[in-house]
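Please examine the entry shown below.

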Amino acid sequence: MRFRSLILACLSTGLFAQDQDRRPTPMPLPPVHKAMGKGETSKDFHSYADPSQVLTTHIALDLKADFEKRALMGNATLRLKLLDKSADHVDLDTRDLEIQKTEVSRDGKAWKAVDHVLAAKEPILGSKLTISLPKGYRFLRVSYRTSPGASGLQWLTPEQTAGKKSPFMFSQSQAINARSWVPCQDSPRLRITYSAVIRTPKNLRAVMSADNDPNAKRTGTYRFNMPNPIPSYLMAIAIGELDFRSLGKRTGVYAEPSVLPKAAKELEDTEKMVAATEKLYGPYTWGRYDILMLPPSFPYGGMENPRLTFATPTILAGDKSLVSLIAHELAHSWSGNLVTNATWSDVWLNEGFTTYVERRIVEAIYGRRHEEMEAILGRQTLQHLVDTLPAADTALWFSMKGRDPDEDTSEIAYEKGALFLRTIEEAVGRAPFDAFLRVYFHRFAFQSITTADFEAYFLKNLMQKFPEKKDAVAMREWIYSPGVPKGAAVPQSDAFELVESGLKPWLEGRAAASSISTKYWSTQEWQHFLQKMPESLSLAQMKELDEAFHFTDVGNAEIAFLWLQLSIRHNYAPANGRLQAYLIGIGRRKLILPLYSELAKTPEGKIRALDIYKQARPGYHPLAQSSIDQVLGMRP
Ligand code: BES
Ligand code: ZN
């Protein structure tokens, strides 16, 4: 998802080693748009942009947020670079945008109207917008407004927020939803810088994946700049009643006022995480690292919007037990935001590397024992996917042609990718692998690469030094074959062995649930405990578990998820009320979609699912709605 001499030069001058314990010096920006892969396997099937003709280098947004109409309205000015001098038009990606006017300019000052054609909407890609480009014009201005159902935006009523007083709006651009709020060349292999003027109701604050000013007065007009070139899927915006609390020198959190104290407490290790990651992989190049705590309808756990990670409040467990999610989003500041997958088939280069780095951060901050529990939970997820998905979808690289990256990005990319990297680490040793990754992140910083680019670089810069490890690493098998290769690393946890040895006598009817010694268990031990429950669990056993451990009332969203899944599976009626409240209260797709799927397995369950969904759907994000519509057969 090439250049030996450079690498050696970096290593021998100790460029990285020296920087590790100092404040980072900003990294010079390398030229953009390098490392473009060639051929069919590197084609981005999810964009209408033709980067061989015209490239966008900068987007300047001027948008007003209208909460009544649920629309962003205004214009986007694209600065263009013509690679093919004879190009007479430019194709942009859009989805459900109302295009009002298209103009061109030579200097960004004097504008002249030009023709455009908005093609019919394709189910996955949206509508191609073709704009005429007379010779010599380098600026393009598109006046437009978004649709209330824009796939990449969610508009919340005051009742759907914690404070209940003001509305809220946020974006989710990854994978291909930037086009639903900005007309652009929406491909991860193309990079832009961006600036924005955002107009909001006066009492609200706008934040973006850019240079937020925590001290900005709430004036209703906010200006942003993102000076580093980023792929379009990292453009992000949120507007709401947001306050800020500092967490450290360059870290902080934005949240609604009533959520802020809890969020700040839960996220108190963020500054340490940034320092730990720099120590491992080199300087953090983005300036500030802030976190935006969103309302519970946020469809993801987290989103690595540069300088401003978006996060679900379902990680606010009260004991920091779910903050590996922050480690994950922070890790993307290297794996993903610096080195980006060129196409959505290469997404393992983003997510697999990030999951590996996430675990390294967790190890550095919370210790190996904790990290190993998370690694085993990941290994179990991977096994489940390998056992249930079509074999072809369990390779790290697979063709995304004709598929929707917003529906079809599975955890294979995360967990198989992470296990591959751990297998490499164990084969060649941690120090050489860390050194390799540091140089890799630097070499491809601000670029987008394909799996083939990675393979070539990896063989040349790491495996050539360890020819005897070729079979142990089995690179091509990991990338192109289904399942998990034989020599895969095996995470180890005595903590989980203890959980299993507590569970066994109870399952065999030799001990009461209440006699299991759970006093010092963390969230991860509880997760393991619940995941180890057999298919044959009886209703009486469910009841005993609930009486002993009060699972139906547990506050931790991840533990509740596993318990509710079991409750549906085993028809445990006392959890029905909690299930309904959970599905209505949370919109994180990963936590709700499997519960709807589990319900939909029986005819009675499906009726319940549809009933709950009728109430819950209006509160869900368009991306979650679309996935659940499919699971419940509400769409072809
Ligand atoms: N970048 C992803 C979210 C994403 C992936 C959005 C693909 C659209 C397409 C983000 O970093 C992520 O992986 N989030 C996870 C949390 C993580 C701890 C596994 C999530 O949302 O659950
Ligand atoms: Zn991720």
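Predicted model: local features only at pLDDT ≥ 70, side-chain atom pairs only at ≥ 80, totals over all residues.

Residues are numbered from 1 along each chain as its sequence is written, chains are lettered from A and ligands numbered from 1 in the order in which they are written, and side-chain values use heavy atoms, with hydrogens and water left out.

Student: How far apart do the C-alpha centres of domain 1 and domain 2 lie?
Tutor: Domain 1 comprises 49-143 + 176-228, and domain 2 comprises 495-632. These bounds come from an automatic or database domain assignment. The separation of the two C-alpha centres is 43 Å.

Student: What radius of gyration does the protein have?
Tutor: The radius is taken over C-alpha atoms, and the globule rule is 2.2 Å times the number of residues to the power 0.38. For 636 residues, a compact globule would have a value near 26 Å. The protein agrees with this, at 25 Å.

Student: Is leucine 595 buried or exposed?
Tutor: Buried means under 20% relative accessible area, exposed over 50%, and partly exposed in between (1.4 Å probe, protein chains only). The relative accessible area of leucine 595 is 0%, so this residue is buried.

Student: Which residues does leucine 595 touch, not counting residues up to four places away in sequence?
Tutor: Contact means heavy atoms within 4.5 Å. By that criterion, the partners of leucine 595 are Phe561, Leu564, Gln565, Ile568, Leu579, Tyr582 and Leu583.
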